[in-house]
Amino acid sequence: MSNHYESSETVAVRDAIEKILSFAKVLEPQSVPMQEAMGRVLAQDIVSDRDIAPFANSAMDGFALKAADIEQASPKNPAQLKVLGIIGAGSVFEGTVQSGEALRIMTGAMMPAGADTVVMIEKVEVTGVSAEKPEGTQVILTAGAKLGLNVRDKGEEALAGDLLLKAGTVVNAAGIGLLAATGNPHVEVIRRPRVAILSSGDELVGPSEVPGPGQIRNSNCYSLAAAVKAAGGEPNILGIVRDNNNEILQAIQQAVAHHDMVLISGGAAGGDYDFTYQVLSELGTVHFCKVNMRPGKAQTLGIVNNTIVFGLAGNPSAAMVGFEVLLRPALRQMQGFTSIKRPVTKARLTTDAYKPDSRRFYLRARVERDKASGEYLVTPEKNQSSALLSALQNANCLVVLQEGLDGKAKSEMVCCIRLDIDEGVEI
C-alpha cells in the first residue's frame, strides 16, 4: 500500500475533469456480433469485399430498354416496343435487349444485356396483357428518357477494396447495413468499460426493505448504474458497504480487480465516519477530495492499481450531478469517443438565479424554445437541494453559474448543459 495523498486543496472543475481524463485510457478492442456494434466505436477499418452493387440494377418497377429507341417519342409520335418478358429481383435475363424491344423489370433486378435505361411503369401504356402474358406484348411510350435513367450502376456504393468505414467511426443504423453488405457478421469495436458501483453508509437499506428509524433506502447505486449504462458502460451494482474502514478497503480491492472504474457514493467528505478518501490513500494515490462545485463539493479521485476509483457525494442529486459533470466524459473517452462533452445551449433565465457561495453552481433546470420569439428560455427548478432526485427527473439541462458570488438576474443569458442531447450532436 502506497499511503499516498496528493492534495487536500479544493480543485477547480476544469482541473478535476482534466485529471480524471488523464487516467481514462481508451480500452482494448473486442469482437462483437455486427448488430451489437450499433452506437459503438469501430476499432478496425471496414473494406468492401466486393462491388456494391455487384451488378447494374433497376431502381424502379418499369421497362428496361434502349434510350435511343424512344429519343423521338412524343404523344403524336409514340414509340412502340415489343415486350420480351418480365424479370424480378434475384433473376437473370439470359437474352439481350435489341433495338425495338423492352423487358419488364422489377426494382433491384439485374439490368439485362443491351438495355441502358428504365422507364417507370407509370409512364407507359402496356397492351396485350393476358393470363399467359402478364407482362403484356407491347409497350407504348410518349416521351423520351435520359440515358441511364433509373439504373443503379455496378459499384455505385463502393468497389471491391474501397474503405467504407474507418477505425474510430461511430456505427449508426446505416453502418450496420454496410457491415452486413460487406460480409462482416462480427466486427472489432472498443470495449465497454466495466463499472463497479457501491454505496457507503450505515443508514442504508435495500429498495425492497422497509427502513427503520434513522434508515433510508439505497437509491444511489441504482441511479448511478442507470447513468453508467446511458453513457455506454456496463454497470455492476455491488451494493452497500458499511461505514467501516476495513469493509470499504476490502470492497474496493475486490472491485478494482475486475472492473475498469469503481464508483462509491457516500463517505467522500471529511467527517468522522467518512472513510473513502482514507482508504484510497492507503490503497493507492488520492489526487483530490474536494471540487469547487455545487452540488457535490466532496468528491474524491483515487487511482488504485491503475484503476479510477471515484468517491461521489452521498446526497442523491449531488452524486448524479457529479457523475454527469466529471465521470460521463471519462467513460465516453474510454470507449474511444472523440465527442465527450454534452452540447451547450445559451438561454435566457425566466427567474433570478441566486448564489449563496462562490463555488460553480449546476442548477437543475428545464430549457425550452419560446414559440413566439424563437429564443431559448430556461427555468431552474425551485428546490435545488442536493438530496432531491425529483429536480433532476424534471430537468433537461444544468444551468452553469460560474465561480464567484455573482448570481444571475431574470432575463440574463446563461449556459445550459443539455442532459437530453448526446455528445457530438449539433444544436
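Which residue in β11 does Glu125 stand opposite? Ile140 is the one facing Glu125 there. Some notes follow; bear in mind that this is a predicted model.

1. Starting with that strand pair: β10 runs antiparallel to strand β11 (residues 138–141), and four bridges hold the pairing. The Glu125 and Ile140 positions stand opposite each other, with Ile140 on the β11 side.

2. Zooming out to the sheet, you get six strands in the order β9-β6-β8-β7-β11-β10, forming an open sheet with mixed pairing. The edges belong to β9 (117–120) and β10 (124–127); each has a single partner strand, so one side of each has no neighbour in the sheet. Ignoring direction, neighbouring strands are turned against each other by 35° on average.

3. Now the charged side chains. The count of salt bridges comes to 17. One of them joins Lys154 and Asp51, with an N to O distance of 3.7 Å. This pair links distant parts of the chain, 103 residues apart: Lys154 sits in the loop between β12 (151–152) and β13 (163–165), while Asp51 sits in the loop between β4 (46–47) and β5 (57–58). As for Asp51 itself, a relative accessible area of 19% puts this residue under the 20% cut-off, so Asp51 counts as buried.

4. Arg332 belongs to helix α6 (residues 316–334) and Glu423 to the segment after β28 (413–418), so the bridge ties together parts that are 91 residues apart in sequence. Both Arg332 and Glu423 are buried.

5. Arg332 and Glu423 belong to a network of salt bridges that links them with Glu324, Arg328, Arg342 and Asp422.

6. Last, a helix. Is α5 (residues 276–283) mostly covered or mostly open? Mostly covered: six of the eight residues in this helix are buried. Those buried in α5 are Thr276, Tyr277, Val279, Leu280, Ser281 and Leu283.

Methods
Residues numbered from 1 in each chain as written. Predicted model: local features only at pLDDT ≥ 70, side-chain atom pairs only at ≥ 80, totals over all residues. Heavy atoms only, no water. Buried < 20%, exposed > 50% of the residue type's maximum accessible area, 1.4 Å probe, protein only. Helix = DSSP H or I, 4+ residues; strand = E, 2+ residues; numbered from the N terminus. Salt bridge = Lys/Arg side-chain N within 4 Å of Asp/Glu carboxyl O. Pairing = 2+ DSSP bridges. Axes fitted to C-alpha atoms, helices over the stretch in contact; angles between N-to-C directions.
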